[in-house]
Amino acid sequence: MGVSGNRSSAQALDWWRDAVCYQVYLRSFADGNGDGVGDLAGLHQRLHHLVDLGVDALWVNPWFPSPMVDGGYDVADYRAIDPVFGTLTDARALIEEIHALGLRILIDIVPNHTSSHHPWFREALAGGPDCVGRDRYIFRPGTGPGGDAPPNNWRSVFGGSAWTRIVEPDGRAGPWYLHLFAPEQPDLNWDSRLVRREFESILRFWFDLGVDGIRIDVAHAMVKAPGLPDLGPLDMELVASAAHADHPHWDRDGVHEIFRGWRAVADSYPEPRVFVAEACARNSERLARYVRADELHTAFNFDYLTAPWRAAHLRTAIGSSLTAMGAVGAPATWALSNHDVVRHLTRFGRPQPDGPVHTLANHSPPGPVDLALGTRRARAAALLMLALPGSVYLYQGEELGLWEVEDLPDETLQDPTWERSGRTDRGRDGSRLPMPWSGDAPPFGFSPERAGALPWLPQPPRWKQLTVRSQRGDERSMLELYRRALHIRRIHPALGDGALVWDRTAVPDLLSFTRPSGFQCIVNFGPQAVPLADHREVLLSSVRLQDGLLPGDAAVWLAR
Ligand code: NOJ
């Protein structure tokens, strides 16, 4: 029998090394109070879905009070819950229930910038030119006649300049402040000791409340080069990534000292808390610097997430991540989607490019999507990812086979990218739609029956076939494939943390690897079916196997 034993690391202190963590995009998970927006009450009621699915932990996107200019990544108060989501008392009860169910919870901290509604920023504006509080942000005089031009040529990730000029309380034009994202998200000055102290205290606040870990938003942006030098031409083209070795605001060496301090805070708890960095670096070796033994625990793997559905690209991404992370003793992480990128089912339903997929936003779609092909590949991709050594992040709805909704009406779009790009880039709303739970028509059980409001983004009527209720128990469904895969992953001694060995194969479109104790994963990326060795037991396959053949765009798990 290939499946036996019961890994106990979910209970151990190093649970995070191979945890399967489910990303809850709170606004769209479940609406408990009927206002059309997901909330803590809704999440609390639907926790059984996560237990039933078989994940180990959940990561909840920002839940703090926020004007919601950037979906909550504009935080006005780091120690409270936005009323649209609930209260601190609700959060406390939720954390207790999560633990009672044997799950863990990670929350999202946004340290690179606050909301412009944060008391610190309000004070900095109201206090006039001599206000010491301005030192918590990055204010600089303008250039050119009258200081009318921004201090440098930095660009906002959401489009336009990264600088906005303020008006002083007496009505005169003042200095400019930096915002690498929306103008409503002023960047903090991490050279300020006060900023550093404040964030360590915020970490303690949530750790004391029982939160098991923290996802760090744009961890690679917090430190800026002294003197704020201009970007070079290549950086201007690749606004969102560190294109060269000495980028003035991405992946600077100074961030590591901050994270060493954070690690000490996490380690001071009897059950140490953990971090996952959202960090973009030029290569796996640079990324591995964030997860050295005295820094963060894990980091998201964007090389894997942006790899096209091609054997060679995925093998390279997997190999370089395992090597780089292994060199510092950290586990690799794997994810296919999140709230910032086009859902992978849609990406895989398009002709696959030769290089990394541009996922960050939904620029004009590069062609029609074959949803059946995307679904088939997404099934195989799930088996590939869940067989890899390390920890995994699932994005809510991928277990249902949700696709990117690319035809949302213009007037419903909320992502700041839409307006900041002059309405040329539709932004990320298409991956953030409310979950379909049950029923034949929107809101598909997302809000309580007879709720007063419509969901904050409209769901497509075709999601009727994808609700949790309609898939549960249907062994051909995506939901059942994920459930079975997660169940096997949990109990099979070969899966989770550890190593893999690539199998030699003469077929270029095949990826095949073995995990110790004879577990094998084979993925066929090509159009031709390939024969499977017949002495192996099939644990799970992404398609129905016939005549011992693995068809194209399919994956299988085998045991000796
Ligand atoms: C990364 C988050 O995932 C994204 O949603 C947000 O817009 C930016 N950071 C800015 O906070």
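Where is Arg 462 found? Select it and see: this residue is in the loop between helix H13 (416-420) and helix H14 (468-471). Before going further, note that the model is predicted.

**Stop 1: Arg 462**

Is Arg 462 buried or exposed? Its relative accessibility is 51%, so Arg 462 counts as exposed, the cut-off for exposed being over 50%. Now show its contacts. Leaving out residues up to four places away in sequence, Arg 462 touches Leu 371 and Trp 403. Next, draw a distance from the C-alpha atom of Arg 462 to that of Ala 387. The two are 75 residues apart along the chain, and their C-alpha atoms are separated by 31 Å.

**Stop 2: the H13-H14 loop again**

Stay in the loop between H13 and H14 and select Pro 443, which is found there. Look at the peptide bond that joins Pro 442 and Pro 443. This bond is cis, with omega about 5 degrees.

Move to Arg 423, also in the loop between H13 and H14. Check its backbone: phi is positive, about 60 degrees, although Arg 423 is not a glycine. With a relative accessible area of 48%, Arg 423 is partly exposed.

**Stop 3: Met 68**

Jump to the loop between strand E2 (57-60) and helix H3 (88-100), where Met 68 is found. Met 68 has a positive phi of about 60 degrees and is not a glycine. Its relative accessibility is 22%, so Met 68 counts as partly exposed.

**Stop 4: H12 against H15**

Select residues 478-491, helix H15, together with H12. Their axes come within 10 Å and cross at roughly 10 degrees. That angle makes H12 roughly parallel to H15, since angles under 35 degrees count as such.

Which residues of H12 meet H15? Show Thr 375, Ala 378, Arg 379, Ala 382, Leu 383 and Leu 386 on the H12 side. Facing them in H15 are Met 478, Leu 481, Tyr 482, Ala 485, Leu 486 and Arg 489. Colour this contact by class: nine residues are nonpolar, one is polar and two are charged.

**Stop 5: H5 against H7**

Now select helix H5 (residues 193-208) and helix H7 (residues 255-267). They pack at an angle of about 30 degrees, with their axes 10 Å apart. H5 is therefore roughly parallel to H7. The crossing of H5 past H7 is right-handed.

Show the side chains of this contact. H5 supplies Arg 196, Phe 199, Glu 200, Leu 203, Arg 204 and Phe 207. H7 supplies Glu 257, Ile 258, Gly 261, Trp 262, Val 265 and Ala 266. By class, the contact of H5 with H7 holds seven nonpolar, one polar and four charged residues.

**Stop 6: the nonpolar cores**

Keep Trp 262 selected. This residue is one of those that touch the most other members of the largest nonpolar core, which has 151 residues.

End at a second, separate core of 16 residues. Select Ile 138, Trp 154, Leu 178 and Ala 242, which are among its members.

Key
Residues numbered from 1 in each chain as written. Predicted model: local features only at pLDDT ≥ 70, side-chain atom pairs only at ≥ 80, totals over all residues. Heavy atoms only, no water. Helix = DSSP H or I, 4+ residues; strand = E, 2+ residues; numbered from the N terminus. Buried < 20%, exposed > 50% of the residue type's maximum accessible area, 1.4 Å probe, protein only. Contact = heavy atoms within 4.5 Å. Axes fitted to C-alpha atoms, helices over the stretch in contact; angles between N-to-C directions. Parallel < 35°, antiparallel > 145°, perpendicular 65-115°, else oblique. Left-handed = near helix turned anticlockwise from the far one by under 90°. Nonpolar A, V, L, I, M, F, W, Y, C, P; charged D, E, K, R; others polar. Core = buried A, V, L, I, M, F, W, Y, C linked by side-chain atoms within 4.5 Å.
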